[in-house]
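My notes follow in the order I checked things.

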Amino acid sequence: MRIERIELRKVALPLVSPFTTSFGSVTLKEIGLVAVYSDGVVGWGECAALPDPIYSPEYTDGALAVLERYLAPRLLGRDVTAANVSNLFTGIVGHRMAKGALEMAVIDAELRAAGRSFASYLGVTRARVPAGVSVGIMDTIPQLVEAVGGYLAEGYRRIKLKIKPGWDLAPVAAIREAFGDEVPLQVDANTAYTLGDAAHLAKLDRFGLLLIEQPLGEEDLRQHALLARQVLTPICLDESVVSPEAAADAIAMRATSVINIKAARVGGYLAAVKVHDIARANGIPVWCGGMVETGLGRRANAALAGLPGFTLVGDVSASSRFYSQDLTEPVEMVDGHIAVPQGPGIGPAPLPDVLAAVTMQAVAL
Ligand code: NPG
């Protein structure tokens, strides 16, 4: 399809409550949006980067600048297919979230034009995926217990607790005590520890957690492999797995026995499928991570999570987990599950009124 026009927008959506991780709090999600115009259809892509470079080097304004100056010009006026978009970015180093957003918009446009769903494009036949929720660091343990109780009552099938030094053993113990050992529970440190904390992290073993996510630094693959020998709980990498190649290395080094797949982090949904395939071929279970996406990325994630290697419950939640007003029709949780969208494209487009109200800046190329 010929790419006639590309629009880049920055939108800002307030979160229902601050979301705090070991690297800071997010209260307002500033999101880069890409709209690709071709043959009478519009394809939408969402850039999952955060407003600040605290999770990865990318951030919303930086991603939009790279999209405008380097990535969009490579597609404009050309005939492209979703499958060859990433080849057109050859020579532009890094900026995977920006690249993934533009590729997502082309996938959406291509599928809308063909009247085909993203699930069918991925070969996904599951109609729904179980919903999991990521619970941020709170001021007090009673607050955390109340929040987790609320999510369990809503029907979430798995709880992930954010941890950091000083907020780890006690909150996990409190959740086990309040809700029992049967609740599928895991923790996410977002790189907050060092290998010197191995003995401390091993104290989490007694809680029967599904996994400890990204305890050490993004570049500490070798140290994760050493840590994995000192704790019984499976180690799961997130930040470290920035590409299919990084996934293959981490697996080969035994630095990880589970992988959190976030399409944005690895450069888009097609690279995410590659990570899935590598993990599956090596017997490594995967689950779908989230980046506080709007309905656009949230529905795309639900489809991705339908692939057969996604055997663990992901951070695939309802829009209401983060947004009182989503950009699209809200993603609903029914019976603890999120539907895999079956309509054309990645899912419903942004609601025009909402889009207009939350757009902070826009540029048309
Ligand atoms: O459900 O969308 C979601 C958020 C899940 O905890 C989540 N994401 O490190 O996995 C993470 C974390 C995150 C959130 C990372 C915001 C970066 C920013």
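**Ligand shell and domains**

I sorted the shell around the ligand by residue class and got seven nonpolar, three polar and eight charged residues. I note here that the model is predicted.

Next I asked which residues come nearest to the ligand. Of the 18 residues around it, I listed Ser134, Lys162, Asn190, Lys262 and Val292 as the nearest.

In its side chain, an N or O atom is 2.6 Å from a ligand oxygen. For lysine 160, I found a polar side-chain atom 3.1 Å from an oxygen atom of the ligand. Methionine 291 contributes through its backbone: an N or O atom there lies 3.4 Å from a ligand oxygen.

Then I looked up how much of the ligand the protein covers. On its own the ligand has 420 Å² of accessible area, and the protein covers 100% of that. I also checked the cavities, and the largest cavity is the space that the ligand takes.

I turned to the domain assignment of the protein chain. It gives domain 1 as 5-115 + 349-364 and domain 2 as 120-339. I wrote down 34 residues from domain 1 and 41 residues from domain 2 for the contact between them. The C-alpha centres of domain 1 and domain 2 are 23 Å apart.

Last, I asked where the ligand lies relative to domain 1 and domain 2. Both domains give residues to the shell around the ligand, so I recorded the ligand as lying between them.

Definitions and conventions:
Residues numbered from 1 in each chain as written. Predicted model: local features only at pLDDT ≥ 70, side-chain atom pairs only at ≥ 80, totals over all residues. Heavy atoms only, no water. Near = heavy atom within 4 Å. Polar contact = N/O pair within 3.5 Å; in protein donor to acceptor, adjacent residues only side chain to side chain. Areas by Shrake-Rupley, 256 points an atom, 1.4 Å probe, with all protein chains shown as cover. 1 Å grid on protein atoms, 1.4 Å probe; cavity = no way out; pocket = protein on both sides within 12 Å on 5 of 7 lines; lining within 4 Å. Sits in = over half its atoms within 2 Å of the grid points. Nonpolar A, V, L, I, M, F, W, Y, C, P; charged D, E, K, R; others polar. Domains from an automatic or database assignment. Contact = heavy atoms within 4.5 Å.
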